[in-house]
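Welcome to my notebook. I opened this structure to look up a few things, and here is what I wrote down.

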Amino acid sequence: MSNLELAPSEDVCGGRLAVAERPVEEFLYGREVVLGTRGMVVTRTLPNRDRRMVGAWCFIDHYGPEDTAMRVPPHPHTGLQTVSWLVDGEILHRDSLGSLQPVRPGQLNLMTAGRAIAHSEESPAGRAPTLHGVQLWVALPEPDRDVAAHFEHHPDLPVVSHTGVSVTVIMGSLDGVGSPAQSYSPLIGAQVALDAGAVTDLPLRPDFEHAALVLFGQVDVAGSRLDPGPLLYLGSGRSDLRLAAGPPSRLLLVGGAPFDEQIVMWWNFVGRSHEEIVRFREEWMSGRRFGEVKGYAGDPLPAPPMPTTPLKPRGRVPRTETGVD
Ligand code: MN
């Protein structure tokens, strides 16, 4: 998945001030972003005006369920991992390392961009009618952000089941059960599938901040009714999380240790300064650094122009959560 906006803004994210150091329930409403010329619409809840990151998670797009084809031409990434997770359908991934890998529901495609990678994503020929999924990005911390690019496909992730509830650990670990996927900072990404009326208490790390997204159905999350759409930011300081499903439901939980560094995000790049982003953009546009994606029927995606306004960190934390209330 690519950020295909025509005029993406440059976002400064991360840092301790953005973290609620206690449990909160904040609904973060996304904005609808049209991907590509075929008009596939995604709901982007991270980065959000009010909360830029949740742990190292810095980008969440939710799309479908919809009868649509994905077609995202080759584009670059730096300084992040992309996490592709499907509820329905199939997506074919190609990258400049030569990977060619379909991903299906219950499987993880994890691409670590590190220093540089390019990839494409498309619906395969003869696709199923319904496409439904999420794409998330994880920011890499400074010591690892220039790591050599690599790609992982995990078809069998650990699943913890209780009555009416099954939890797939996508990234990190939950309740002592760890995903085989490589992560670079303490975090959790999990899918919780709930039967109608199922109730569970998920064990959480109180030093993590967390957020929840309902993929379908309706779930009461720590007393807040959550429908598909907004991301529910939960703050930190929780040792468990009560989930209670209405109809059969699917929920995505993300969380992690607060990401101490400030990052700069623009288009498909994560860097540390405006100047670095400018350099990444120039290298992509001149065919350097990122390599070539072979086999995609179409041209690579050109980078949009950089915004002309100077980069400025933005205030984003309600005053009552900065400790000054
Ligand atoms: Mn991408």
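I count two strands as paired if DSSP finds at least two bridges between them. Helices (H or I, at least four residues) and strands (E, at least two) are DSSP runs, numbered from the N terminus. I am working with a predicted model, where local features need pLDDT of at least 70, side-chain atom pairs count only at pLDDT 80 or more, and totals for chains, interfaces and linings use all residues. Residues are numbered from 1 along each chain as its sequence is written, and side-chain values use heavy atoms, with hydrogens and water left out.

I found an open sheet of four strands, ordered 6-11-8-9, with antiparallel pairing. Strand 6 (71–77) and strand 9 (100–103) are its edges, each pairing on one side only. I then looked at strand 8 (residues 91–95), which four bridges join to strand 9. There, L92 has P102 in strand 9 as its bridge partner.

Entry two: E90. I located E90 in the loop between strand 7 (80–88) and strand 8. S123 lies 33 residues away in sequence, yet its C-alpha is 6.4 Å from that of E90.

I saw strand 18 (residues 199–203) pair with strand 23 (residues 240–245) in the antiparallel sense, over five bridges. V199 has A244 in strand 23 as its bridge partner.
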